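Hi there,

Here is the structure I promised to pass on. Have a look, and then read on for what turned up in it.

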Amino acid sequence: ITSFFYKLIKIFYRRQKVLITLHGDIDFIQQNKSRFRNYLGKFFIWSFKWKDVMTKYIVLSKQIKDNLIETQYLEAAELYAINHPYLFKAEVVHHTPSKPLRVGHIGLASLEKNTQLIFKLAENLREEVLSGQIHFSIIGTATQMDAYQNQLVDYNPQSGMLSKAASDAKIAELDYIVFFYSDDNYRFCSSGAILDAINHEIPIVSLANQGFQAIFNEASVPVGYLCADLPAMTD
């Protein structure tokens with residue numbers, strides 16, 4: 001909402017240069033979320049249509065910039081694209097694949113990230129899970145997962161936000177990191193969680209989406225696997 005009221009206040013400071021960084025909430029402009037989030041997205045849209053030559057926006061990938069220009073809410077001259085900021089470790093501790101093979105989802109687990117699909121993926125590999133060949137887990141805070149949970153994925157529905165040190169320690173134990181983001185919810189925002197995976201040099205297995213495809217294309221070494229659908233991930 002403040003994005004719109006900012007433009008109102010800016011009338012009195014027309015010569016002031018302002019840079020605004022857009023991140024997760026900007027995806028509300030897709031108008032495919034809950035009624036409340038779609039309502040919030042309208043404030044973004046209204047503010048973007050209200051032009052101010054001294055206001056510029058920073059987005060966290062070139063792909064996001066291109067997608068915003070495509071909406072025609074913002075123009076190229078209003079946008080700067082930078083890579084998602086991240087502090088990478090100088091050294092990474094490597095370990096050989098474990099038994100069971102440890103596969104996890106990292107970052108906030110939510111329906112918008114399609115995290116519920118990890119339970120379906122585990123179900124598809126039920127025999128391997130029950131025989132101790134594969135272990136699935138969710139690392140971090142989980143919301144709206146209760147209706148999908150099964151006994152095949154290890155997660156704590158009461159888990160709060162982990163400290164950076166605790167999160168890093170749990171991530172380092174994984175052999176593969178899975179993501180289920182789709183362009184329906186991640187066309188206009190970037191993921192810090194994928195940078196956690198890259199920082200730990202842990203292979204990624206993800207459903208294909210624009211943001212991850214751009215990162216995979218830019219990488220000079222293999223990052224992991226992009227899959228067309230859940231059956232492909234299962235294979």
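Of the 235 residues in the protein, 42% are buried (under 20% relative accessible area with a 1.4 Å probe, protein chains only; exposed is over 50% and partly exposed lies in between). This is a predicted model, in which local features need pLDDT of at least 70 and side-chain atom pairs count only at pLDDT 80 or more, while totals for chains, interfaces and linings use all residues. Residues are numbered from 1 along each chain as its sequence is written, and side-chain values use heavy atoms, with hydrogens and water left out.

The secondary structure amounts to 9 helices and 9 strands (DSSP runs numbered from the N terminus: H or I of at least four residues for helices, E of at least two for strands). Along the principal axes, the C-alpha atoms fill a box of roughly 65 × 40 × 35 Å. Taking contacts (heavy atoms within 4.5 Å) between residues at least 6 apart in sequence, 66% join residues at least 24 apart.

One residue I looked at is Asn-150, in the loop between strand E5 (134–139) and strand E6 (153–154). Asn-150 counts as buried because its relative accessibility is 18%. A polar atom of its side chain lies 3.2 Å from the backbone oxygen of Phe-119, and the backbone nitrogen of Val-153 lies 3.5 Å from a polar atom of the Asn-150 side chain. Leaving aside neighbours within four places in sequence, Asn-150 is in contact with Phe-119 and Glu-123.

Best wishes

How values were computed: Polar contact = N/O pair within 3.5 Å; in protein donor to acceptor, adjacent residues only side chain to side chain.
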